[in-house]
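Please look over the model below with these notes beside you.

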Amino acid sequence: MANISAMAMASIFVPFVVSFIIVVCPQKFAKWLCIAAAAVSTCLTIGIWAIVAQNGGEASTITIAALGDAKLISFIFDKVSVMLAPCFVGIGLLISIYSVGYMSDKNREHPDAPRRRFYAFFTVFIGAMAGLVYSNTLLSQLIFFEITGACSWALIGYYGTPTAQKSAMKALILTHVGALGLYVAAGCLYLQAGTLEVTAIAGLDDYWKTFVLVCVIIAAWGKSAQLPFYMWLPSAMEAPTPVSAYLHGASMVKVGVAVLARCLMSAGVIPEPVGWVIVIGAIATMLFSFLMYLPQKDMKRLLAFSTISQLSYIFLGFGFFIFGSQMAFNGGIQHMFNHAFAKTLFFLVAGAFSFTMGTRMLPQIKGVLKKQPLLAVGFGCAALAIAGCPPFNGFFSKFSIIAGSFEVAQGNWLLMLIVIVFLIETVGCFAWFLKWMGQVLPGEPSEVVEKSQPVPVPMIIAFVVLIVMTVCSSFIAAAWIG
């Protein structure tokens with residue numbers, strides 16, 4: 001237990017300490033310090049996973065701060081937290097490596113020398129994600145929740161243009177409005193149970209349990225860009241692509257579902273109204289975001305609305321868990337893991353298009369397979385994974401959510417209708433990404449593709465690892481979670 005405690009604290013605080021070092025060191029060291037901090041944190045989170053695996057996956061907790069008998073800050077190490085932490089932190093490492101090539105004056109769309117503040121905030125972001133995933137109290141969740149919000153504000157507004165600054169402020173305000181739900185939930189839990197530990201939710205009566213969980217859901221909607229808080233996510237495309245990839249793949253948008261998952265796992269028997277709130281909100285957001293990404297031509301905006309839709313799948317899995325399906329919940333957790341790799345890869349491909357060709361407008365891009373085969377493979381793998389085509393990772397987690405949903409929807413026409421709409425949307429998603437694959441990948445290169453420059457080595461490293469993980473992550477998640 002002492003080893004896990006020390007490793008967890010180090011995985012969180014090493015990036016925070018290094019970010020301060022980045023601020024005072026010469027600029028040329030910033031990117032290497034960021035990579036080093038992310039690498040150390042990744043190794044530590046993998047080490048924690050290995051220790052928990054040796055103990056048979058048995059959960060354990062450590063208390064960091066308490067007030068009398070009330071636990072204020074504590075961390076939990078169970079199958080969910082020890083799987084998600086290396087995912088989120090490790091993707092941060094890959095993106096920091098990728099950024100060495102991307103943040104360059106050779107970038108055709110955004111020529112820019114790397115600045116210390118980019119790496120300082122990005123490093124803090126990585127540490128905050130580790131802290132949030134391990135958190136076992138509403139207070140510690142709230143602390144890291146707000147830190148990720150501040151980092152996203154700084155990184156979305158990185159380029160300093162009026163549009164970027166407006167987008168950054170929109171993200172900060174909307175996610176903070178959602179965070180008010182977490183503040184209220186924490187206050188009510190402390191007043192009713194005398195502690196902030198999420199396991200105390202199980203001891204509340206049905207009224208207070210419903211109220212606290214609905215407040216948590218509101219916070220999750222805000223961070224995970226669900227209706228009515230979705231507006232900040234498409235606007236966040238003003239950020240550098242490495243930031244967009246981390247925001248939409250493995251960090252900001254996963255904060256909401258990670259917080260909600262922890263609370264649902266700890267809440268015992270959950271009143272059905274909470275399930276209805278989740279599934280109705282999820283299906284409404286799914287349909288809306290699907291219709292919104294159909295007309296998009298800017299690859300990053302298309303992926304932004306696609307992310308909102310994919311997060312709705314996770315919410316649906318959690319909602320059907322409340323109606324009795326453990327399989328749907330496991331599928332939701334696995335989709336958090338699988339989607340992180342696939343969507344990060346997709347965004348980094350979009351960034352590579354910008355870097356090498358000077359555009360990410362899909363109608364201008366054709367014949368990538370002939371001119372840039374690695375980018376074509378990355379595009380294809382990411383698209384098929386997001387669309388849920390076997391053997392790519394998205395298929396297996398979506399299958400678990402759908403199978404679990406069918407399991408509990410029997411005999412309830414409204415739940416069955418929601419499942420059927422869910423299935424129709426997944427088919428539409430597959431058809432739409434297949435359409436863009438057919439337009440972008442084969443054929444003779446278009447003018448912008450023909451004139452594209454080589455992809456830098458650091459970006460290639462990130463692509464290769466993520467392409468492999470779009471296949472392998474599903475087997476890792478299924479073997480570990482079940």
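1. Basis of the model. This is a predicted model, in which local features need pLDDT of at least 70 and side-chain atom pairs count only at pLDDT 80 or more, while totals for chains, interfaces and linings use all residues. Residues are numbered from 1 along each chain as its sequence is written, and side-chain values use heavy atoms, with hydrogens and water left out.

2. Overall fold. The protein holds 19 helices and two strands, where helices (H or I, at least four residues) and strands (E, at least two) are DSSP runs numbered from the N terminus. Its radius of gyration, taken over C-alpha atoms, is 21 Å, close to the 23 Å that the globule rule gives for 482 residues, so the protein is as compact as a globular protein of that length. The globule rule itself is 2.2 Å times the number of residues to the power 0.38. Along its principal axes, the C-alpha trace spans about 65 × 55 × 45 Å.

3. Among contacts (heavy atoms within 4.5 Å) with a separation of 6 or more, 80% are made by residues 24 or more positions apart.

4. Rolling a probe the size of a water molecule over the atoms shows where empty space is left. On a 1 Å grid over the protein atoms alone, a cavity is a set of points where a 1.4 Å probe fits but cannot get out, a pocket is an open set with protein on both sides within 12 Å along at least five of seven lines, and lining residues have an atom within 4 Å of a point. Grid points are joined across faces, edges and corners, and a volume is the space filled by probe spheres set on the points. The structure holds two cavities of 30 Å³ or more, and the largest cavity contains about 70 Å³ of space. Helix 3 (79-102), helix 4 (116-134) and helix 10 (252-266) each supply at least two residues of its lining, and helix 10 provides the largest share, four residues. By class, this lining has seven nonpolar, two polar and one charged residues, where Ala, Val, Leu, Ile, Met, Phe, Trp, Tyr, Cys and Pro count as nonpolar, Asp, Glu, Lys and Arg as charged, and the others, Gly among them, as polar.

5. The second largest cavity. About 40 Å³ of space lies in the second largest cavity, which is lined by Met299, Leu302, Leu303, Phe346, Leu362, Phe379, Phe433 and Trp436. Helix 12 (299-322) and helix 17 (413-440) are the elements that give two or more residues to this lining, with helix 12 giving the most, three residues. The lining divides into eight nonpolar, no polar and no charged residues.

6. The largest pocket has a volume of about 210 Å³, and Ile46, Pro86, Cys87, Phe341 and Met469 lie nearest its centre among the 13 residues that line it. Helix 3 gives the most to this lining, with five residues, and the classes are eleven nonpolar, two polar and no charged. The second largest pocket holds about 180 Å³ of space, and His110, Met237, Glu238, Ala239 and Arg360 are the nearest to its centre of its 17 lining residues. Here the lining divides into five nonpolar, six polar and six charged residues.

7. Thr359. This residue is found in the loop between helix 13 (326-357) and helix 14 (368-371). Is Thr359 buried or exposed? At 8% relative accessibility, Thr359 counts as buried. Its side chain reaches the backbone nitrogen of Met361 at 3.0 Å. Leaving aside neighbours within four places in sequence, Thr359 is in contact with Phe353, Ser354, Gln364, Ile365 and Val448.

8. Phe396. This residue belongs to helix 16 (residues 393-409), and its relative accessibility of 28% makes Phe396 count as partly exposed. Not counting residues up to four places away in sequence, Phe396 touches Pro391, Ser474 and Phe475. Phe396 and Ser474 are 78 residues apart along the chain, yet their C-alpha atoms are separated by 6.4 Å.

Conventions. Buried < 20%, exposed > 50% of the residue type's maximum accessible area, 1.4 Å probe, protein only. Polar contact = N/O pair within 3.5 Å; in protein donor to acceptor, adjacent residues only side chain to side chain.
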